[in-house]
Amino acid sequence: MDKEISAGAVLYKKLLNEIRFLLVYSKRNGEWGFPKGHIEKGETETEAAVREIFEETGIKIKEQDIDKNFRFADTYKIKGTLPETKGRIVNKTSVYYLCVVQNNRDTEKIFTDEEIEKIKWMTFEEALSALKYEKQKEMIKSAKQFLSMYNV
């Protein structure tokens, strides 16, 4: 079976002494999720995550802002989206890291590109409620627990 691999991140920042998580709203599937995208030839997972975060949110981060101690992988079946897999069922693996957003941007953005309609900083409870898939809910719970271990 064909495979596709994407990389992305659970972005967070502290706002008014509370952790906020950034979710993106996909035009393609009409669902909230985390910024991610296909790993391009020659890219590492974290390089792809940095690129995709910028492409989908406009937020520039540095690779050193990514916490490589938090890595969450989710594998599922979808219809392929790459030219070489389009229309066929593939095993898709999405790899996510935890990433702090260092600046104080609180802007929420409405996009005009083909993939993302809007982004929104959410509290843990809001994000948990907005996410549809159990693996995404498990991931944000793991991220919150990971951050609490470091008193973030």
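Trainee: Just after α1, what phi does G58 take?
Mentor: This is a predicted model, in which local features need pLDDT of at least 70, side-chain atom pairs count only at pLDDT 80 or more, and totals for chains, interfaces and linings use all residues. Residues are numbered from 1 along each chain as its sequence is written, and side-chain values use heavy atoms, with hydrogens and water left out. Helices (H or I, at least four residues) and strands (E, at least two) are DSSP runs, numbered from the N terminus. Just after α1, G58 has a positive phi, and its value is about 80 degrees.

Trainee: What distance does helix α1 reach from its first C-alpha to its last?
Mentor: Helix α1 covers residues 45–57, which makes 13 residues. The expected span of a helix is 1.5 Å times one less than its number of residues. For α1 the expectation is 18 Å, and the helix comes close to this, since its reach from first C-alpha to last is 18 Å.

Trainee: Which strands are included in what covers the buried residues of α1?
Mentor: Buried means under 20% relative accessible area, exposed over 50% and partly exposed in between (1.4 Å probe, protein chains only). In α1 the buried residues are T46, A48, A49, V50, R51, E52, I53, E56 and T57. With contact taken as heavy atoms within 4.5 Å, their cover includes β1 (3–15), β2 (18–26), β4 (36–38), β5 (66–79), β6 (89–100) and β7 (116–122).

Trainee: Which elements do the buried residues of α3 pack against?
Mentor: Helix α3 has 16 residues and reaches 23 Å from its first C-alpha to its last, close to the 22 Å expected. Its buried residues are Q136, K137, M139, I140, A143, F146 and L147. These pack against β1, β2, β3 (32–33), β5, β6 and α2.

Trainee: Does L16 count as buried or exposed?
Mentor: Most residues other than glycine have a negative phi. L16, found in the loop between β1 and β2, has instead a positive phi near 55 degrees. N17 lies in that loop too, also with a positive phi, about 60 degrees, and N17 counts as exposed because its relative accessibility is 74%. L16 has a relative accessibility of 78%, and therefore it counts as exposed.

Trainee: Which residue after α3 has a positive phi near 55 degrees?
Mentor: V152 lies in the segment after α3 (134–149), and it counts as partly exposed because its relative accessibility is 35%. Following α3 there is also a residue whose phi is positive, near 55 degrees, and this residue is N151.
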